[in-house]
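Hi,

Here's the structure I promised to pass on.

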Amino acid sequence: MRNIAIITGASSGFGQEFVLQLAQKYPGFDQIWAIARRRDRLEQLAKIVKCKTGVTVVPIVMDLLDLGRMGELEIMLRQEKVAVRILVNCAGFGKIGMVQDQNIQDLINMVHLNCESLTAVTKTVLPFMSSKSRIIQVASTAAYLPQPGFSVYAATKSYVYSFSKSLNEELRSRKITVTAVCPGPANTEFFQVAASEKEEPFYKKFFLADPKKVVKKAIKDCSRGRNESTYGVAMKLVKIMSKLVPNNWIIRVIGWMQEVTS
Ligand SMILES: NC(=O)c1ccc[n+]([C@@H]2O[C@H](COP(=O)([O-])OP(=O)(O)OC[C@H]3O[C@@H](n4cnc5c(N)ncnc54)[C@H](OP(=O)(O)O)[C@@H]3O)[C@@H](O)[C@H]2O)c1
């Protein structure tokens with residue numbers, strides 16, 4: 001039985017960083033399966049990781065919006081006789097804008113990739129996970145509160161957050177922990193996909209985090225069996241505020257800020 005990690009969204013940003021840091025921290029992995037659509041990025045990452053750590057990264061080119069591909073993943077898991085020690089669901093995207101102005105396909109794809117594909121990957125991989133394995137689900141601080149101007153994205157991340165917390169409880173008897181990672185804005189390709197330059201949110205420039213630090217904390221929290229990981233004082237304050245201040249007030253303030261900054 002080979003011990004592997006599976007990371008989706010591995011061709012850039014947090015996902016790429018998870019591959020690098022997990023290989024550095026746990027060089028005992030037989031393989032890391034790296035899933036995304038951009039083959040060139042995955043192959044380049046595999047070379048870098050091999051050179052730096054000796055760990056083999058297996059690029060798996062897959063559009064996770066195509067749920068039919070889950071069957072292929074299951075067959076690979078079965079044929080390769082692997083034990084998945086860590087699953088990191090990182091693939092995801094957001095599109096900033098008012099729902100009334102947004103493209104219907106973008107809205108549907110956000111729900112599809114961030115919620116349905118994440119759920120399908122988790123369900124497909126679970127039978128191949130043994131006791132003391134770990135799952136990391138990348139949510140967002142957007143999970144803590146509805147967010148006018150980013151409504152569908154924030155709703156998808158609330159799903160990820162809620163799903164992670166209850167799945168963690170369901171898997172307690174199998175000693176598998178699920179960590180919901182809730183980053184604030186970070187310096188990845190996320191905002192290139194999310195917004196044009198003029199749509200970029202005002203808060204981004206104040207709070208932009210280094211993805212290396214977010215991932216380092218996520219791996220630390222996951223290895224300690226924590227069910228949540230939030231990097232940075234500002235984002236912890238967002239979480240506390242979302243619990244203390246009536247949410248309708250905060251949503252109104254966010255909506256007002258959108259109006260004055262747009
Ligand atoms: N950066 C932030 O500010 C921030 C804050 C909070 C939460 N997050 C969350 O963090 C996660 C990772 O985002 P990131 O910041 O690292 O952004 P990123 O650099 O844009 O990475 C997104 C990853 O998802 C993959 N992906 C997108 N669509 C896919 C599809 N249909 N099938 C398979 N893979 C797909 C991309 O690979 P390909 O394009 O090669 O397929 C890429 O590897 C997301 O879930 C995002 O919601 C980000």
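Let's start at the ligand: one of its oxygen atoms has a backbone N or O atom of Cys90 3.1 Å away. Before going further, please keep in mind that this is a predicted model.

The side chain of Lys157 puts an N or O atom 2.9 Å from an oxygen atom of the ligand. Leu64 takes part through its backbone, where a polar atom sits 2.9 Å from a nitrogen atom of the ligand. As for how covered the ligand is, it would expose 880 Å² on its own, and the protein buries 96% of that area.

Which elements give two or more residues to the shell around the ligand? They are helix H1 (13–25), helix H5 (151–170) and helix H6 (190–194). In total, 30 residues surround the ligand, and the closest are Ser11, Ser12, Arg37, Tyr153 and Thr188. If you sort the shell by residue type, you get 17 nonpolar residues, eight polar ones and five charged ones.

Next, the cysteines. How many disulfides does a search of the whole structure find? The count is zero. Cys115, for instance, is in no disulfide, and its nearest cysteine sulfur, in Cys182, is 14 Å away. Cys115 is also buried, at a relative accessible area of 8%.

Finally, the overall picture. The protein's secondary structure consists of ten helices and seven strands. Its radius of gyration is 18 Å, close to the 18 Å that the globule rule gives for 262 residues, so the protein is as compact as a globular protein of that length. Along the principal axes, the C-alpha atoms fill a box of roughly 55 × 40 × 35 Å. Of the 262 residues, 50% count as buried.

That's what I have for now. Over to you!

Technical notes
Residues are numbered from 1 along each chain as its sequence is written. This is a predicted model: local features need pLDDT of at least 70, side-chain atom pairs count only at pLDDT 80 or more; totals for chains, interfaces and linings use all residues. Side-chain values use heavy atoms; hydrogens and water are left out. A disulfide is a pair of cysteine sulfur atoms within 2.5 Å. Buried means under 20% relative accessible area, exposed over 50%, partly exposed in between (1.4 Å probe, protein chains only). A residue is near a molecule or strand if one of its heavy atoms lies within 4 Å of it. A polar contact is a pair of N or O atoms within 3.5 Å; within protein, one must be able to donate a hydrogen and the other to accept it, and residues adjacent in sequence count only if both atoms are side-chain atoms. Accessible areas come from the Shrake-Rupley method with a 1.4 Å probe; for residues, only the protein chains shown count as cover. Helices (H or I, at least four residues) and strands (E, at least two) are DSSP runs, numbered from the N terminus. Ala, Val, Leu, Ile, Met, Phe, Trp, Tyr, Cys and Pro count as nonpolar, Asp, Glu, Lys and Arg as charged, and the others, Gly among them, as polar. The radius of gyration is taken over C-alpha atoms; the globule rule is 2.2 Å times the number of residues to the power 0.38.
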